[in-house]
Structures are given as structure tokens and as C-alpha cells.
Amino acid sequence: MERELIIRSKAGDRYAFSELVRKYYKRVFKTAYLILKNRQDAEDITQTVFLKAYSSITSFNESRSFFPWLHRITKNLSLNLIKRRKMAGEKVKSMAYGEPSIDPLPALPEEMVLREEESQNILNALAELPTQMRDILILKHWKDCSYREISEILSIPIGTVMSRLYYARKKLAETIEETENRGEVRKNEM
Amino acid sequence: MKCEEVRIKINGLIDNELAESEIDALLDHLSTCKSCRAYYKELLRMNREMLRAAPPDPADNWYIDFRKRFFRKTGGFLGRLFFIGSYLVLLIYSLFQLFKAPNEDLAIKLIIGGIFAGFLLLLVVSIADRIKESKNDRYRGVIR
Ligand SMILES: [Zn+2]
């Protein structure tokens, strides 16, 4: 059980902790990848996230869900990396996902842009959604979060997660249809 | 149940977040309402597409590499502990032998004792500094 693995990790049991890593590393990687936009950085940060999590696991309250805690560490470390690089004068290709103050349309990783048309439509539509809706859809579909995890990450009551997803999915479907129609019109005009 | 209420719950259904009792009521409605059935199908289709558009997974060997590094770190720590510990024991032992030796000059004993005391002091200060630093360090435990 997860709670037991956390308690054992707190006591310094590295085997228990590495089981937690096995369970969560793909989701942590995806979180970092969406901010950093490249595999290498995201893989490095994922490692850093777990080492940091291990060194401060005693401060984690095991009555809460584990992923929201990892999610926060991942976001902080990834954004710090971008900030440090910017200060060092390196060119950062694109800014963080869902940071409208910096970049209203979240640039997607190049690797993800070169997808088949259907995926492309959904990605375009996602980029046009209001941040709040986009965030909850990404948490659910890409980061594989349960409603409880979503409610902790977004600090909203668990009872509102379902209806928020309903509205976000509705808006997404509408937006996909709109962008598809726009594409059709363009094709017909040619 | 009104259709909109039902549709909100259909979201819970495909996300696996409904209780048994809720599912039964939902299925009852679905068996009679064509448009909610269409909504359900559409939602499943969108789910699949979202999944297909998802970001990639990390490299296959990421986890294996992580484990290797993670466990080697413990080995490194124990190694250093043994190395430095034994070195200190050796120093103290030889110092003790030196002071015990009856025919050695007192001046030599004091000089070597002084060097050793200075070394020990520096060691203690530098360890104390590192502990203080790592307490303030937000990236504690992070490999740089
Ligand atoms: Zn209905």
C-alpha cells in the first residue's frame, strides 16, 4: 500500500521509496515535459524531483495524496530551471504551459507538434481554451489524476471536479468543431 | 434525473469515479435516453483522442538508471564514512602512541599535538558550515 511505502520511506527505506518512484515517474516526467518542452531536460528534472522528494519526505503528510506534492515540486524545479537559464542569457524556446501572463498560447513541444491531423486538431483546440479548463483537462487526461488529486492540486472541493470537467470537455468539443470548420472553409476557398 | 445532470455524471463514469449506486441510476437513464447515449459515446471518443495526443513517456531505461544512481548514493555515503572514520582513528592512535613514547622530545609532542588540534578544529568548523548551508539549501539532496 502506498501509505505504508511512504511511512517506510520516511524511515529511510530506499527500496520502499524506489517503489513510489516506479509508480509515479511517468506522470512526473510528463509534468516536467510540458513545461520544459524537451525530453532530456524533463528526464533530468524528473530525477532531481525524486531525489528532492526523498530528502524532504519527512515533511510530507501521508494523509494527503502523494502526486499533488510531487506535482508541486516538479513545477517549482522546472520553472526554476527556465528562470536560471534565462538569467544565464540562454535562449528559452518557449515558456511554461499554462502561464498566460508570459505566453497566452502555450507552445507545445516540437516533437508533439508533428502529429497526425486528429491529434493536431485536439492540440490546437486545447491551446485555445481558457487556462482553467486546459489545466483540468491536462491533469485528468495526460497526468492521469484522480478527482481527489485534482482537487488537491487546484485547491477546489472534490465535489466540483466532475462538473468542471464536464464544462471543460464540452468547451473542448465545441472548440475542436470550430477549428475543424475553419480548416474546412480554408480548404474550400483554395 | 435531468439530462444535464446525467451528463455531468457520465463524466464521472468514464473517469471511474462513481459509486455503484450512482452507476445503476445512470445506466437506467442511458437505456432510455438516446441523446445521452450519444453523448456518452462522443465522450469516450474524445477520451481516446486526448490520450493519443498525450506527451511521450520518458526513455525506457529511465527507471533502471534512476535506481542505479539512487542506491549508489548510499554506497558512496557509507564509503566516505568508513574512509574518514578509519583515518581519524588511525591519527588518534598514532598520536596516542607518540605521547606514550618515553624517549621522544616534549617539544615534538606539543608541535604535532598542535597540528592535530588545528586540523580537528578546521574539520569541525567546515562540517558545521556545511550542515548550516544544507539546512538553508532549498535543493537539499539534489545532484548538481
Ligand atoms: Zn438524457
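Contact here means heavy atoms within 4.5 Å. On that basis, 40 residues of chain B meet 49 residues of chain A. Keep in mind that this is a predicted model. Below is a quick tour of the interface, then a helix pair and a few charged pairs.

**Polar and charged links across the interface**

- The rule picks up 16 residue pairs in polar contact between chain B and chain A, counting pairs with both residues at pLDDT 80 or more.
- It also finds 2 salt bridges across this interface.
- One of the salt bridges pairs Lys30(A) with Asp57(B), whose closest N and O atoms sit 3.0 Å apart.

**What the chain B side is made of**

- Three helices of chain B each give two or more residues to the side that touches chain A: H1 (3-14), H3 (34-52) and H4 (62-100).
- H4(B) supplies the largest share of that side, at 9 residues.
- By residue type, the side of chain B that touches chain A splits into 22 nonpolar, 5 polar and 13 charged.

**A helix pair inside chain A**

- Helix H7 (residues 131-142) and helix H8 (residues 147-154) of chain A have axes that come within 10 Å and cross at roughly 145°.
- The crossing of H7(A) past H8(A) is right-handed.
- From H7(A), Ile136(A), Leu139(A) and Lys140(A) do the touching, and they meet Tyr147(A), Ile150(A), Ile153(A) and Leu154(A) in H8(A).
- That contact of H7(A) with H8(A) counts 6 nonpolar residues, no polar ones and 1 charged.

**Salt bridges over the whole structure**

- Searching the whole structure turns up 15 salt bridges over all chains.
- Lys23(A) and Glu2(A) are joined by one of them, with their side chains meeting at 2.5 Å, N to O.
- Lys23(A) belongs to helix H2 (residues 14-36) of chain A and Glu2(A) to helix H1 (residues 2-10) of chain A, so this pair ties together parts that are 21 residues apart in sequence.
- Glu19(A) also forms a salt bridge, here with Arg22(A), and the closest N and O atoms are 3.1 Å apart.
- Glu19(A) and Arg22(A) are separated by about one helical turn because they lie 3 residues apart in helix H2 of chain A.

Key: Residues are numbered from 1 along each chain as its sequence is written. Chains are lettered from A and ligands numbered from 1 in the order in which they are written. This is a predicted model: local features need pLDDT of at least 70, side-chain atom pairs count only at pLDDT 80 or more; totals for chains, interfaces and linings use all residues. Side-chain values use heavy atoms; hydrogens and water are left out. A salt bridge is a side-chain nitrogen of Lys or Arg within 4 Å of a carboxyl oxygen of Asp or Glu. A polar contact is a pair of N or O atoms within 3.5 Å; within protein, one must be able to donate a hydrogen and the other to accept it, and residues adjacent in sequence count only if both atoms are side-chain atoms. Helices (H or I, at least four residues) and strands (E, at least two) are DSSP runs, numbered from the N terminus. Ala, Val, Leu, Ile, Met, Phe, Trp, Tyr, Cys and Pro count as nonpolar, Asp, Glu, Lys and Arg as charged, and the others, Gly among them, as polar. Axes are lines fitted to C-alpha atoms, for helices over the stretch in contact, and angles run from 0 to 180 degrees between N-to-C directions. A crossing is left-handed if the near helix is turned anticlockwise from the far one by less than a right angle, and right-handed if clockwise.
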